Amino acid sequence: MTSAFRFLIGAALLAAAWLGTPAAPKAQESITLTDVAGRTVTVKRPVKHVILGEGRQLLALALLHPDPVSILAGWPADLQRQDKVTYDLYRQRFPGLDRVPIIGRGSADTFSIEQALAVQPDLAILSGGYGPSSHSPEILRRLEAAGIPVVFIDFVAKPLEHTLPSMELLGKVLGQEDRAAAFIDFYRSHMDRIARRLREADPPKPTVLMHAHAGLQDCCNSPGRATIGAFIDAAGGENIAVGVVKQLFGKLNLEYVIAKNPQVYVGTGGIHLQGTGGLVMGPGIPEEVSRKFLSEVVQRPGIAQLDAVKNGRVYGLWHLFSNIPINFLAVEALAKWFHPKLFADIDPDASLRELNEKFLPVPMHGTYWIGLK
């Protein structure tokens, strides 16, 4: 090969790189990884067709994939049922969502293995939140017998422990490692700021009642140290349900709550509580609407007697933070409520704007945290 010819080849390659010539499609490869349930799973990449065990995990895919609906082969209907505003916003951004087959309603007993197999997915992503879980052996057996690998992610049972490993896992199986790394750095920077300041200041912890699905039933459905209750510890509060509630959620007797007399009241709510008299908040809901519902909930007998209510330390939090990987926003809001002076400079609204700009194809707008004052 002459030097002139070598020069021409080199110039052509350099020009192609500079002009962004599309890379040739990657050959299929197998990767072996460990999911958050501790299972070893081998997945062939690129993954082109996935099914979800829980429809709300579409938001986790959307944080990493530029067109999450393009890889969605089937999903349950829980997002349509629980949060129709978010569902409609994603339909507008990704019209193909209407054509994605429904394979369940969002619970293990409604998950149709026949329909799941019929859409011929490359991969099943299960979460154990509301859909099939690691305790659904028949579903797992039939998926794996059909050659469909299953990976478990989790933002519900152990959100603080499993959120980042789940996002790293999704990044790997979807071939979006760089995007996952960027989100993980973003998430970690916000959580580390809270943890570091609490560790250094070591402030007294206010006692907290977290009233889940506030107003839906008599007082008080409450989380223990798992799921959304885990955020209380991370934000520097003391959950009065810890030691009493043994499951993810449980009922506290009103007499117990009054005896504990928590310093802070946090009701959780969402669009799923519309028409129930409960706390309505979340995407598309104006602040004044959520504040009105919150005010009505804490005027109920028993709750109205609490010091938290008398002292105006009453707040509302979007319940679906318990299902999706942006739970650091909930921790920021709680930290400000628990320790207003220590976290005076923390601004969850600004964090949400940054999240919208950097990661979400469908920006979140609405009321996700609110105080009565």
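Phenylalanine 186 is buried, with a relative accessible area of 6%, where buried means under 20% relative accessible area, exposed over 50% and partly exposed in between, for a 1.4 Å probe and protein chains only. The model is a predicted one, in which local features need pLDDT of at least 70 and side-chain atom pairs count only at pLDDT 80 or more, while totals for chains, interfaces and linings use all residues. Residues are numbered from 1 along each chain as its sequence is written, and side-chain values use heavy atoms, with hydrogens and water left out.

**Aromatic pairs and a charge over a ring**

- A search of the whole structure finds 13 aromatic pairs, a pair being two rings of Phe, Tyr or Trp (its six-membered ring) with centres within 6.5 Å, counted as stacked if the planes are under 30 degrees apart, as edge-to-face if over 60 and as tilted otherwise.
- One of these pairs joins phenylalanine 186 to phenylalanine 359 in a tilted arrangement, with 5.3 Å from centre to centre and 45 degrees between the planes.
- This pair links distant parts of the chain, 173 residues apart, since phenylalanine 186 belongs to helix H8 (residues 177–201) and phenylalanine 359 to the loop between helix H14 (348–358) and strand E14 (366–367); helices (H or I, at least four residues) and strands (E, at least two) are DSSP runs numbered from the N terminus.
- Phenylalanine 359 is likewise buried, with a relative accessible area of 6%.
- Phenylalanine 321 and tryptophan 369 form a stacked pair, with 6.1 Å between centres and 15 degrees between the planes.
- That pair too links distant parts of the chain, 48 residues apart, with phenylalanine 321 in the loop between strand E13 (314–318) and helix H13 (328–338) and tryptophan 369 in strand E15 (residues 369–371).
- Both phenylalanine 321 and tryptophan 369 are buried.
- One aromatic cluster is formed by Phe183, Phe186, Tyr187, Phe328 and Phe359.
- The charged end of lysine 292 sits over the ring of phenylalanine 293, 5.1 Å from its centre, the criterion being NZ of Lys or CZ of Arg within 6 Å of the ring centre and within 35 degrees of the ring normal.

**Nonpolar cores**

- The largest nonpolar core has 77 residues, and those with the most contacts inside it are Leu317, Phe321 and Leu355; such a core is a set of buried Ala, Val, Leu, Ile, Met, Phe, Trp, Tyr and Cys residues joined through side-chain atoms within 4.5 Å.
- Helix H13 gives the largest share of this core, nine residues.
- A second, separate core of 21 residues includes Leu279, Val298, Ile303 and Val309.

**Cavity and pocket**

- The structure holds one cavity of 30 Å³ or more, a cavity being a set of points, on a 1 Å grid over the protein atoms alone, where a 1.4 Å probe fits but cannot get out, whereas a pocket is an open set with protein on both sides within 12 Å along at least five of seven lines, and lining residues have an atom within 4 Å of a point.
- The largest cavity has a volume of about 80 Å³, a volume being the space filled by probe spheres set on grid points that are joined across faces, edges and corners.
- Among the residues that line the largest cavity are Leu59, Tyr90, Trp318 and Tyr368, and the largest share of the lining, three residues, comes from helix H4 (residues 84–93).
- By class, the lining of the largest cavity has ten nonpolar, one polar and no charged residues, with Ala, Val, Leu, Ile, Met, Phe, Trp, Tyr, Cys and Pro counted as nonpolar, Asp, Glu, Lys and Arg as charged, and the others, Gly among them, as polar.
- The largest pocket has a volume of about 330 Å³, and of the 18 residues that line the largest pocket, the closest to its centre are Glu287, Asp347, Pro348, Asp349 and Trp369.
- H14 gives the most to the lining of the largest pocket, with five residues, and that lining divides into eight nonpolar, five polar and five charged residues.

**Backbone geometry**

- The peptide bond from arginine 45 to proline 46 is cis, with omega near 0 degrees, and proline 46 lies in the loop between strand E2 (40–45) and strand E3 (50–52).
- The peptide bond from cysteine 219 to cysteine 220 is also cis, with omega near -5 degrees.
- Threonine 227, a residue other than glycine, has a positive phi, near 40 degrees, and counts as buried at 1% relative accessibility.
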